[in-house]
Amino acid sequence: MSSLGERFSELAKPVTRSLFAIVIGLVIGALFLVIRGYDPLIGFYYLFRGAFFTEIGLASTLSYTTTLLLVGITFGLGMRAGLFNIGAEGQFMMGAMAAVFAGSFSLPPGLGLLVGIIFSMLAGALWALPVAILKIKKGVHEVVSTIMLNWIAFYLCLYLVLGPLFSSGISSTSIQIPSSSRFPLLFGTLSSAIFIAILFAIIVYFIMWHTRLGCKIRAVGFDQESARYMGIKPGRAMMIGFIIGGLAAGLAGGALIMGVPPSYAVSTNLENIIGYGFAGIAVALIGRNHPLGMIFSAMFFGGLWSGKRDMQIFTGIPVEIVDVVIGIIVICAALPELLDIIKKKVKRGTGST
Amino acid sequence: MTFKIPRFLTKKSILVIILFVVVITILYIMQSADLKVSSLIMISLDAMVPLGLVAIGEVVNERAGTTNIGLEGIMLLCSFVAVLGAQNAGNWAVGILAGIVTGAAIGLIHGLISIYAKGDQIISGMGINLFAAGFVAYGIWTVWDTPGSHLLSTGLGMPRISTPWGGLSWFVPLTIVLALVVHFIFYKTRWGVWIRAAGESPGAVDASGINVFRLRLLACIFGAILAALAGAFMSLDWVHMTTNSLPAGRGFIALACVVFSGLRPISALGAAIIFGFFGGLSKWMMAVPQVVAAIPPGVDNFVNMIPYIVTLIAVAVVVSRRRFPKSVGRPYRREEI
């Protein structure tokens with residue numbers, strides 16, 4: 001039995017490591033801003049004000065949280081199963097397209113939303129299936145196969161949005177989701193899809209840490225050979241890791257199209273469904289690949305994404321700086337012991353002088 | 001007496017034969033349809049260069065025991081830096097140099113993280129990809145005030161070798177020579193033995209008095225420099241522009257070439273030629289008026305998919321359980337000898 005204090009200190013270490021990676025990301029990001037002649041402090045002030053301290057901003061932050069949490073689960077669950085699943089981008093696009101497809105039938109209210117959710121989840125899982133099969137049957141590394149499928153998904157969606165799913169209306173977008181099949185809005189641009197995302201995270205947490213199946217998946221991720229000796233089939237665990245990840249990414253795509261105003265459709269250049277999948281990597285790493293940790297890290301990155309527009313409006317700093325910061329945070333996350341190394345170096349330095 | 005299947009008919013060689021037959025058939029059909037075959041070959045050679053350079057660099061890197069999936073990001077970053085350098089100095093050579101320096105710096109960072117600090121190589125590589133995507137978008141926006149892409153000023157592109165079929169890039173012979181040189185170093189010199197041993201059993205190399213860490217770091221920087229050259233080639237010599245997503249997955253197709261090659265530099269070049277052909281084919285089909293006219297609207301997206309689908313099929317058919325160096329991807333720790 002561990003006491004509350006022990007459990008707290010157990011939790012403190014990963015949290016400080018994550019915070020340290022975030023701080024380094026922001027500091028180096030600030031450096032790039034200074035080089036181009038911007039004031040990073042004013043920039044970050046508007047970034048965080050726009051993210052968390054205005055009603056519109058907060059709604060948009062939580063709306064991004066919905067998406068990022070789900071794509072974070074795709075990558076984080078993969079990491080727990082020993083997989084480097086960077087296919088969320090393509091699975092997300094396919095999910096979004098499947099939601100549009102479901103929206104093109106005229107279904108009764110309620111049923112339309114349900115069918116949309118199911119279609120998008122299945123489309124995401126379908127796009128993850130070849131990756132899993134290639135990995136398990138052929139030993140193809142998932143990094144190559146997922147990136148190829150991401151690009152294939154990109155061009156397939158481009159074809160669909162300009163072809164079969166094109167809307168002949170005034171707006172040049174895909175078919176719009178009918179208003180009866182959309183997620184109800186809570187406030188601002190925040191839809192009730194956030195509850196589904198959090199529920200999904202809790203279910204994944206429950207499966208991974210409170211069922212035998214989850215234990216097997218984590219065992220395979222921890223040490224595949226040992227797991228095999230214990231009688232666990234690594235192939236099955238990997239398959240489940242990929243499939244749940246695909247369901248999550250597909251749901252994220254569907255929830256974006258069916259939940260986020262104003263368009264409720266995919267733009268013809270796919271602009272509004274690009275880039276989410278890769279952001280999930282940062283969300284998962286900072287959330288320590290834990291579904292509940294990811295809720296907080298998704299809120300942080302959701303804040304960055306939502307606040308960046310205010311930052312650009314008030315200070316002229318291009319929104320792309322946020323992606324630079326995210327990249328640096330991921331590089332830092334590759335080295336969780338960075339803080340310990342620096343501490344040791346500092347100690348050694350002060351000890352010798 | 002039973003019929004024996006000849007030994008050379010492995011799954012992989014059959015695939016290679018099939019791919020070559022496909023290539024020849026396509027060329028033959030084009031010839032009889034009076035389309036310009038030579039232009040397809042020239043585009044394919046251009047498309048081969050980035051794949052070949054990245055794949056050869058990664059072969060060296062993986063032989064020494066480190067993986068780098070951030071090569072796509074290094075290509076992207078260096079394609080941008082090369083244009084930036086060339087524009088500022090008014091000379092393409094400065095651009096190439098700027099690209100090489102940037103690539104070496106990123107290689108150094110990745111090497112320090114994965115070899116000396118024993119961090120996670122795959123995450124670090126992916127971080128480089130994400131950083132490059134953000135940085136290039138940020139850079140293009142703040143330097144040229146345009147979103148997404150910037151055209152190279154005329155006259156700043158690299159000169160080309162003139163041939164009867166059009167300009168041939170200097171990078172084409174460079175890539176082929178590099179493959180041969182790396183092959184020579186690998187199998188004929190002491191350095192080659194050290195590099196190959198560093199990936200197999202770093203402990204033995206360390207015990208013989210050679211600094212494994214430095215050897216791996218050098219290999220990592222070498223791989224990154226070749227990726228940087230590939231990026232500089234794309235922006236300064238091939239398409240004459242820098243965009244947010246210039247490599248478009250070529251860094252990963254090159255990783256597939258590496259798997260395909262079984263970590264042999266000349267096989268990596270061969271794989272790059274095959275994959276380069278299909279990349280060139282899809283680019284060529286979109287460029288020739290007769291073909292564009294024949295393609296129904298919307299189907300062009302499927303033409304763009306060709307290189308990715310071919311890569312996926314190729315890695316699926318080839319059984320990649322070929323033995324890779326034992327210690328590839330695992331940081332070396334002195335205590336583990």
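1. Ile194(A) is placed in helix α7 of chain A, residues 193–210; helices here are DSSP runs of H or I with at least four residues, numbered from the N terminus. The residue is partly exposed because 19 other C-beta atoms lie within 10 Å, where 20 or more would count as buried, 12 or fewer as exposed, and C-beta atoms are placed from the backbone. Not counting residues up to four places away in sequence, Ile194(A) touches Leu62(A), Thr65(A) and Thr66(A); contact requires C-beta atoms, placed from the backbone, within 7 Å. Its C-alpha atom is separated by 9.8 Å from that of Phe183(A), 11 residues apart along the chain.

2. On provenance, this is a predicted model, in which local features need pLDDT of at least 70 and side-chain atom pairs count only at pLDDT 80 or more, whereas totals for chains, interfaces and linings use all residues. Residues are numbered from 1 along each chain as its sequence is written, with chains lettered from A and ligands numbered from 1 in the order in which they are written.

3. The contact between the chains takes 37 residues from chain A and 38 residues from chain B. On the side of chain B that touches chain A, the elements giving two or more residues are α5 (121–144), α10 (250–261) and α13 (300–317) of chain B. Of these, α5(B) gives the most, with 15 residues. By class, the residues on this side of chain B divide into 25 nonpolar, 11 polar and 2 charged; Ala, Val, Leu, Ile, Met, Phe, Trp, Tyr, Cys and Pro count as nonpolar, Asp, Glu, Lys and Arg as charged, and the others, Gly among them, as polar.

4. Helix α5(B) also packs within its own chain: its axis and that of α3(B), residues 71–89, come within 7 Å and cross at roughly 20°. The axes are lines fitted to C-alpha atoms over the stretch in contact, with angles from 0 to 180 degrees between N-to-C directions. That angle makes α3(B) roughly parallel to α5(B), a term for angles under 35 degrees. Residues making this contact include Ile74(B), Leu77(B) and Phe80(B) of α3(B), and Ile128(B), Ala132(B) and Val136(B) of α5(B). The contact of α3(B) with α5(B) has 13 nonpolar, 3 polar and 1 charged residues.

5. Which residues touch the most other members of the largest nonpolar core? In this core of 220 residues, they are Ile329(A), Val330(A), Ala55(B), Ile74(B) and Cys257(B); a nonpolar core is a set of buried Ala, Val, Leu, Ile, Met, Phe, Trp, Tyr and Cys residues joined through C-beta atoms within 7 Å. Helix α9(B), residues 212–238, gives the most to this core, with 19 residues. Leaving aside neighbours within four places in sequence, the contacts of Ile74(B) include Ile128(B) and Ala132(B), as well as Ala224(B), Ala227(B), Ala228(B) and Gly231(B).

6. Some backbone features may be checked by eye. The peptide bond from Pro261(A) to Pro262(A) is cis, with omega near 5°, and Pro262(A) is in the loop between α10 (234–259) and α11 (276–286) of chain A.

7. Two residues of chain B other than glycine have positive phi: Lys118(B), with a value near 60°, and Leu263(B), with a value near 65°. Lys118(B) lies in the loop between α4 (92–116) and α5 of chain B and is partly exposed, with 15 other C-beta atoms within 10 Å. Leu263(B) is in the loop between α10 and α11 (265–285) of chain B and counts as buried because it has 22 C-beta neighbours inside 10 Å.

Note on methods. Two residues are in contact if their C-beta atoms, placed from the backbone, lie within 7 Å. Angles under 35 degrees count as roughly parallel, over 145 as roughly antiparallel, 65 to 115 as roughly perpendicular and the rest as oblique.
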